Amino acid sequence: MTDDLLLQDLWFHHADDVVLDTIAVRGELVTVQAAARSGRAICPGCGTSSNRVHSRYVRRLDDSAAGWRRVIIELQVRRFRCRQEECPQATFVEQVPGLTFRHGRRSQGLQTALRHVALMLAGRAGSRLADAFAVPVSRSTLLRLIRGLPEASPPTPRVLGVDEFALRKGHVYATILVDIETRRPVDLLPDRRVETVARWLADHPGVEVICRDRSGTYAEAGRLGAPDAIHVADRWHLWKNLAEAVEKTVVHHRALLPEPPTSTPAPSPALVLPPDTAGPRRSGRLSDRVREQHAAVHGLLAEGIALRVIARRLGLARNTVRRLAHAKDPDELLVGRWNGRASILDPYKPYIDQRYAEGRTVARRLFEEIRERGYGGQEQIVRKYVHRLREAFPNQASPRRKTSVRDVTSWITRHPDNLDEDQAQRLKDILERCPELDRTAEHTRAFAELMNNRHGHRLKAWIARVQADSIPALQTFATGLEHDLDAVVAGLSLRHSSGPVEGHNNKIKMLKRQMFGRANFDLLRKRVLHAA
């Protein structure tokens with residue numbers, strides 16, 4: 001009796017009015033036979049309770065695996081007659097709450113578990129994981145589970161973040177709406193048109209703040225759908241636009257980025273590679289063969305056998321046997337056998353040494369240079385020689401990489417405390433050589449102070465200083481700020497930002513990669529809203 005209660009609680013603790021009959025294990029399949037014992041059932045058509053039994057039959061339900069075995073529940077259920085004559089549902093089958101649902105071939109517990117797997121992993125990956133847990137299910141079934149989820153209706157956020165994301169990069173874009181305060185997605189819109197976003201805002205009154213980029217589309221949509229909302233230009237996009245303007249300025253003055261050459265360059269010190277004094281080899285096919293032959297020859301000599309007979313017996317030349325016989329130790333034959341020999345690289349070693357001393361330490365580049373000078377050997381020989389140079393001169397400095405436009409842009413737009421000594425010195429030298437870039441760096445630091453300290457009220461003065469300067473890219477950026485001045489001032493003054501939107505954009509990319517076939521917007525929408 002105790003075992004029966006334990007099994008009953010194990011399989012049907014979440015379902016009432018179910019009696020366990022038997023459990024049978026056949027190979028990799030566990031069959032659980034049970035029966036529903038409720039006295040009445042509710043008609044799904046009219047909601048009337050009925051106790052008039054029409055017939056009985058057995059339903060087969062997949063359940064969660066047990067001991068890595070697939071589980072099938074054979075549940076005997078009854079079909080009832082509806083008491084309402086007007087009801088179009090003449091007969092109906094009873095449902096067991098917590099175990100069955102209409103037209104379902106899985107238990108409610110397994111259905112819920114597979115739905116979570118589908119939300120996290122989608123089709124192919126979810127199917128592989130379910131199969132590993134002895135619950136075979138196809139990728140299409142998992143996607144149907146997602147499509148069957150009810151439409152979510154989250155509350156209208158007070159602070160709404162709006163941004164675009166790519167369904168097909170460069171061609172098809174949609175819109176994501178995020179609650180900035182809770183950092184959760186609110187909805188996905190199938191496109192980024194003004195009418196679509198404005199209609200959503202009009203259907204969801206209560207939005208007080210809209211965080212967005214400086215796109216005119218979302219600005220117009222907010223004006224039409226939520227005319228009383230405060231628009232906040234996202235600081236991340238503001239800094240991104242400023243960095244683009246800085247990069248254009250650096251490109252315009254890229255001729256001043258390289259360090260000016262010195263009048264008389266100092267000669268590079270010559271490198272002298274120590275001679276290869278490696279001893280005899282102790283391993284290898286040739287070394288092992290010489291040692292075996294030496295032992296065999298001296299063994300036969302100890303027996304008093306003549307050299308001619310030894311050569312015939314071992315299949316060796318008489319001169320080879322003579323050298324082996326005269327050597328007291330095989331190391332005498334191995335020393336110098338591979339070391340100190342002439343190499344095809346010898347005529348080019350002085351050039352390689354000189355270039356290595358000048359800072360050219362990449363073997364591939366050195367191989368290309370000597371090949372242009374007539375070297376006909378393999379690159380591997382050059383690599384081995386350069387490796388010896390590295391071991392002999394570990395402190396030989398590599399040449400400093402040339403300063404690129406991206407480097408200077410990054411140094412100007414980063415906090416000075418985040419630059420190392422070399423970067424700070426190189427940036428200082430460049431700014432001294434180029435007054436325009438020096439003024440660009442000053443304007444960038446001033447804008448960073450406005451943004452970090454929330455001094456949006458000083459923006460007009462910053463724009464005036466930039467407009468009075470002669471830096472075209474920054475002037476264009478400042479003019480764009482004036483066209484959306486209220487939103488930019490709010491973005492530099494209020495604490496709201498679209499950081500959560502950018503985070504969910506990255507999550508959407510991950511969820512899209514897990515889907516199979518062509519991107520399905522409705523499927524992606526439910527995955528984002530339910531898996532948030």
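The legends below describe several close-up views of a predicted model. Residues are numbered from 1 along each chain as its sequence is written, and side-chain values use heavy atoms, with hydrogens and water left out. Because the model is predicted, local features need pLDDT of at least 70 and side-chain atom pairs count only at pLDDT 80 or more, while totals for chains, interfaces and linings use all residues.

**View 1. A patch of positive charge on the surface is formed by Arg40, Arg52, Arg81 and Arg83.** Patches are made of residues with over 30% relative accessible area and no salt bridge, with like charges joined within 9 Å and nonpolar side chains (Val, Leu, Ile, Met, Phe, Trp, Tyr) joined within 5 Å. Arg52 sits in the loop between strand 4 (49–50) and strand 5 (53–66); strands (E, at least two residues) and helices (H or I, at least four) are DSSP runs, numbered from the N terminus. Arg52 counts as partly exposed because its relative accessibility is 41%, where buried means under 20% relative accessible area, exposed means over 50%, and partly exposed lies in between (1.4 Å probe, protein chains only).

**View 2. Trp68, Leu129 and Phe133 form a nonpolar patch on the surface.** Together these residues have about 350 Å² of accessible area, a value that comes from the Shrake-Rupley method with a 1.4 Å probe. Leu129 belongs to helix 3 (residues 124–132) and is partly exposed, with a relative accessible area of 32%.

**View 3. Glu94 and Arg78 meet through their side chains in a salt bridge (3.0 Å, N to O).** The pair links distant parts of the chain, 16 residues apart, with Glu94 in the loop between strand 7 (91–93) and helix 2, and Arg78 in strand 6 (residues 69–81). A salt bridge is a side-chain nitrogen of Lys or Arg within 4 Å of a carboxyl oxygen of Asp or Glu. Both Glu94 and Arg78 are buried, and the whole structure holds 17 salt bridges.

**View 4. Glu379 and Arg364 form a salt bridge between their side chains (2.6 Å, N to O).** Glu379 lies in helix 14 (residues 379–392) and Arg364 in helix 13 (residues 363–372), so the pair ties together parts that are 15 residues apart in sequence. Glu379 counts as buried at 17% relative accessibility, whereas Arg364 is partly exposed, with a relative accessible area of 36%. A network of salt bridges links Arg364, Glu368, Glu379 and Arg383.

Definitions and conventions: Lys, Arg positive; Asp, Glu negative; His and termini not counted. Charge placed at Lys NZ, Arg CZ, Asp CG, Glu CD.
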